[in-house]
Amino acid sequence: MDSTAMTLPMSDPTAWATAMNNLGMAPLGIAGQPLLPDFDPALGMMTGIPPITPMMPGLGIVPPPIPPDMPVVKEIIHCKSCTLFPPNPNLPPPATRERPPGCKTVFVGGLPENGTEQIIVEVFEQCGEIIAIRKSKKNFCHIRFAEEYMVDKALYLSGYRIRLGSSTDKKDTGRLHVDFAQARDDLYEWECKQRMLAREERHRRRMEEERLRPPSPPPVVHYSDHECSIVAEKLKDDSKFSEAVQTLLTWIERGEVNRRSANNFYSMIQSANSHIRRLVNEKAAHEKDMEEAKEKFKQALAGILIQFEQIVAVYHSASKQKAWDHFTKAQRKNISVWCKQAEEIRNIHNDELMGIRREEEMEMSDDEIEGTKETEESVKESSCLLHILTSTWHCLYFEFGQFY
């Protein structure tokens, strides 16, 4: 609702101020200025729910829940063509039926017999925008508002006596009874809104599940001569080899190999085999980089150990009697602590360097053992070959030597 100034004349604005003050709301005048400048805003105002301020368009304040033992004091409301007199505060509040879901329609009974639709609009349009009015000939009507919170503002008028102008005729007076009404349009809109909220909730849950689900692998295309040529080119490209070899594997597992396509598959398998040489060279390059990094790390660690030895030597020199006596007690304590810490760190680095050297020695010994084994095997093979040649020569000699 827009906070525009009320266009209806009011003969007694103090009545509005008193009524709003009794409900715990800051009363406003016709132009929207506060009528009570010393009004305390801490009278239990609530925010965060739709406004249901009775009878005051433009207010965004919601009255606090009124205790059941506290009577609500209502004041006289003057309109252009009629006057509304409040009910007796000692009477119990008017009974209402259970509120239907999505209710935007109210039942208004007790209208004057001479009441027209224009008067009904004049009274209830202050509660909010009116969508439709269905008036009966039996002094009651149904009013449908644009929003649900406007119904609560209309219920504020339940129990008021209405008098048209200054007439005292029975046909010009009546007692209003405002209650919730069940309308098919309200129920339909509420169900549509609930279905929309349910769809949004399902969509939100589905998006959350898809976000947490691991990504699915891309589908593999079916085999054809065109796709085969594309995969064959990708197998020769190092950056696309993994994708292409997965496609090749899927085709073979699907049973795409037959007598007609066997040559194409053989060519692709041959390309995959050629990729092994590149992988071996790449592995050798990485091993070389790792060896260079190890050597660089070993040299840097050796340089760090040399500096640690120099620092520890400084501490030991300072601990000798010739220099030690000139330091204070606190200085001696700090030097001892520093020396101990430096020795511990030096020992840790030294053990690490020794471990690296032991690993290198073990690798070298393994290489020597393998070389020794290869030498022994070659010697054994040579001995066996010599024995075979000797035996063959003796056989030939005994068979053919007699002829010479």
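Ile252 comes out as partly exposed, at a relative accessible area of 37% (buried is under 20%, exposed over 50%, partly exposed in between, using a 1.4 Å probe and protein chains only). This is a predicted model, where local features need pLDDT of at least 70 and side-chain atom pairs count only at pLDDT 80 or more, while totals for chains, interfaces and linings use all residues. Residues are numbered from 1 along each chain as its sequence is written, and side-chain values use heavy atoms, leaving out hydrogens and water.

Ile252 sits in helix α6, residues 241-254 (helices are DSSP runs of H or I with at least four residues, strands runs of E with at least two, numbered from the N terminus). Together with Val257 and Ile269, Ile252 makes a nonpolar surface patch of about 240 Å². Patch members have over 30% relative accessible area and no salt bridge, with nonpolar side chains joined within 5 Å and like charges within 9 Å; a salt bridge puts a side-chain nitrogen of Lys or Arg within 4 Å of a carboxyl oxygen of Asp or Glu.

Charge gathers on the surface too: Arg195, Arg199, Arg202 and Arg206 form a positive patch, with the place of an Arg charge taken as CZ. Arg206 belongs to helix α4, residues 184-212, and is partly exposed at 42% relative accessible area.

As for the whole protein, there are 9 helices and 8 strands, and 26% of the 404 residues count as buried. Of the contacts (heavy atoms within 4.5 Å) with a separation of 6 or more, 64% link residues 24 or more positions apart.

Definitions and conventions: Accessible areas come from the Shrake-Rupley method with a 1.4 Å probe; for residues, only the protein chains shown count as cover. Lys and Arg count as positive and Asp and Glu as negative; His and the chain ends are not counted.
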